[in-house]
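Hi,

Here's the structure I promised to pass on. Have a look at it first, and then read on for what turned up.

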Amino acid sequence: MTTAVVGIGLIGGSLMIDLRKRGFADKIIGVDTNIQHQNIARLCGLVDETDTLENAVDRSDLIILCTPVDTNCMMLPGILDRIKGTSRVVTDMGSTKASIAVISEHHPGRGRYVAVHPMAGTEYSGPLAAIGRLFDYKPAIICDPELSDRDALELIERMLGVLNMRIVNMNSSDHDIHVAYVSHISHITSFSLALSVLEKEEKEQNILTLAGGGFESTVRLAKSSGETWAPIFLENSRYIVEVMDTYIEKMNLFREMIVERNLEGLKSLMNEANKIRKILN
C-alpha cells in the first residue's frame, strides 16, 4: 500500500513510524509546505520521498491529512474531486469535525472520506517530535461512519487496529462538544496560566525557580503550537466558549470561598471535584 501523509509533524510522523514498522504502509509519500520538514522527514526515514499534494494524491492508495484543522477543511474537497469513483481513501486526524463534516457532506466523493480523531499527542510539534507507539491503547474516534463507503471504513478500521487503538463511533457535533470539555479547555487553561505567571515573572524575578511538578504538569500544554491550536479554537468556538463560561463559573466559586475564608465551602468544592477519580482511575 502506498500512503501519503499530508503534514509531516508530530501526528503525521508518528503515524508513519508505526504504520511502516507494523507492515501497513509499504511506501510513504510526504507532503509539507515546510522545506525543512520535508528534508528532516526524508533524512529520518519517516517518508520515502516527498511530492506535491496533487501528485501524492494521484499516486497513493490512502491519503492521511495531518495539517491544522482549517487547512484540512480547505484541502478535502479538492482531494475528493480527484479520488471520487476510485478505490482510494482519504482520512483526517483533526481535533474538530463539525466544519469538515459540513464541507464534505454533499460532495459526490464523500464515501471515500473517513473522519478520524486519534486522542493522542504531546505538547511538541514538527517531524523531530514524532515518536513510536504514540497511539497504542488510546481512543480513536470515527465520526459519521455511516457516511463512508464500507471498504473505506474497513481500511481505516484496519489501520487503527494496527495502531492498537480503541475505536469509538460518534457523530461530528457530539464529538466537538466532548473534545471541548476534555481536551480544548485544558489547552486554554494551560495557555492562560502560563501567560499569568510570565506576566508576574516580569515584576518579580525568579518566581519560576519555585515551580514544581504540579506547575509543570499544569502548564505543559502551553508548549503546544499556536499554528495547530488557534485554528482548533476558532473551528470549535461555539462549544469552547460554552465550556469556558462553565470553567469561569467554577473559578469564581473558588474565589468567593477564598475571599470569604469559607473553609468548609472549599472542602466541599474539592470533595465534589475528587469524584473525577472514579472516572479516570
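One term before the rest: contact here means heavy atoms within 4.5 Å. Also bear in mind that this is a predicted model.

Let's start with helix H1 (10-21). H1 has 12 residues and spans 17 Å from first C-alpha to last, close to the 16 Å expected at 1.5 Å a residue. Its buried residues are Leu10, Gly12, Gly13, Ser14, Leu15, Met16, Asp18 and Leu19. What do they pack against? The buried residues of H1 pack against strands E1 (2-6), E2 (27-31) and E4 (62-65), along with helix H6 (150-162). Just after H1, Gly23 has a positive phi of about 80 degrees.

H1 also turns up in the pockets. The largest pocket has a volume of about 1,200 Å³. It is lined by 45 residues, and the closest to its centre are Leu10, Ile11, Cys66, Thr228 and Trp229. H1, helix H4 (69-83), strand E6 (113-118), helix H7 (172-203) and helix H9 (226-235) each give at least two residues to that lining. By class, the lining has 18 nonpolar, 22 polar and 5 charged residues.

The second largest pocket comes in at about 840 Å³. Of its 18 lining residues, Tyr181, Ile185, Tyr247, Lys250 and Ile276 are the closest to the centre. H10 provides the largest share, 7 residues.

Cheers

Definitions and conventions: Residues numbered from 1 in each chain as written. Predicted model: local features only at pLDDT ≥ 70, side-chain atom pairs only at ≥ 80, totals over all residues. Heavy atoms only, no water. 1 Å grid on protein atoms, 1.4 Å probe; cavity = no way out; pocket = protein on both sides within 12 Å on 5 of 7 lines; lining within 4 Å. Points joined across faces, edges and corners; volume = space filled by probe spheres on them. Helix = DSSP H or I, 4+ residues; strand = E, 2+ residues; numbered from the N terminus. Nonpolar A, V, L, I, M, F, W, Y, C, P; charged D, E, K, R; others polar. Expected span 1.5 Å × (residues − 1). Buried < 20%, exposed > 50% of the residue type's maximum accessible area, 1.4 Å probe, protein only.
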